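Thanks for sending this one over. Here are a few notes from going through the model, meant for reading with the viewer open.

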Amino acid sequence: MGFEPPQRLVRTLGERYGETTAAEWLGQLPGIAGEAVARRGLEVERVIAPGGRSGLVLLVRRSDGSPATLKIVPPFAAPSLERAALAHWKGWGAVELLDAGDDDGADNPDAAGGALLLERLHPEVSLRSLPEAKSLLEAAGTVRRLWVDPPGDHGFEMVSERTAREAAALRTTADDTLAPLVSAALAARDELCASAAEIRLLHGAFGQGKVLAGDRAPWLAVGPEPLVGEPAYDLARLVRDRVDDLVAASSGASSARRRVNRLADSLDLDRERVRGWTLFRAVESGVRTLRAGRRQSGELLLEFAGWL
């Protein structure tokens, strides 16, 4: 099965997991994809581009002719956790998992990773296609459905665990000009983790681009990086959606703060907790993006963080 993996996937895997690790898996991807397709008796229509950031996404037809989507995720991106979260949501607010079985590649499990057969959504239509006010309203309604009690025997990471690793990396920031923002972000994270109470299953990477139009429901979430913690954490990336538009506007700073308040109020969350997680996650993403050499994107995120 021949194809070129989308460049967004190549770049993101390289930044997150290292160029060598990513390149090794990507080199095996055509064979992995071909095996996953053949095992399920699927017919491939096309690769979705730019596609997802954690795996290859294919539009396929099942043996009965019904449309579906096949997502192939490398083993180092923990496909079992995405599968477990989707299975727990059972299509409530999220794309439905059609095949709950593991695709662990008996002959080469380390290479195969996981393949998830999902219901077909409309990948070209996300909440980004709507005006801002409408998109935020629909996003809030969607993410609220995902915040359910986690399974009793879950293996999901806690917010405190994931952010502890991120905080450790942040503390190594050598740029003195970033020290005030980094210190504020670390302090916010420490205070939030020390006082968190409500525990829910979270999407983990929720934003307008992760909510696609569907037939079964108007809007459904895709691409979770699931973890367990307080819902306020899950709004942080949503708050900074379309950050380039915010930065370009003369009222960007006040608009960002209003967005924090509007989202927190619409979901009955504490404004300061939403603001604190938004600050930490924006600074962490901004510094990580700078380190990856994407200066313009990193500076946008850090400018946004400075408004909070």
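1. Ground rules. This is a predicted model, in which local features need pLDDT of at least 70, side-chain atom pairs count only at pLDDT 80 or more, and totals for chains, interfaces and linings use all residues. Residues are numbered from 1 along each chain as its sequence is written, and side-chain values use heavy atoms, with hydrogens and water left out.

2. Helix α7. Helices (H or I, at least four residues) and strands (E, at least two) are DSSP runs, numbered from the N terminus.

3. Val182, Ala185, Leu186, Ala188, Arg189 and Leu192 are the buried residues of α7 (buried is under 20% relative accessible area, exposed over 50%, partly exposed in between, with a 1.4 Å probe and protein chains only). They lie on the same side of α7 because they cover an arc of only 160° around the axis, taken from the directions from the helix axis to the C-beta atoms. Pro180, Glu191 and Ala194 are exposed on the other side of α7. The cover over the buried residues includes α6 (159-170) and α11 (271-291), with contact meaning heavy atoms within 4.5 Å.

4. Two strands pair if DSSP finds at least two bridges between them. Strand β2 (residues 56-61) has five of its six residues buried. β2 pairs in the antiparallel sense with β1 (residues 43-47) over four bridges, and Val44 stands opposite Val60 in β2. β2 also pairs in the antiparallel sense with β3 (residues 67-73), over six bridges; there, Leu56 has Ile72 as its bridge partner. Have a look at Gly65, which takes a positive phi near 90° in the β2 and β3 hairpin, with five residues between the strands.

5. A three-stranded sheet. β7-β11-β8 is the order in an open sheet with mixed pairing. Its edge strands, β7 (157-158) and β8 (200-202), each pair on one side only. β8 and β11 (residues 227-229) are antiparallel over three bridges, and Arg200 stands opposite Gly229 in β11.
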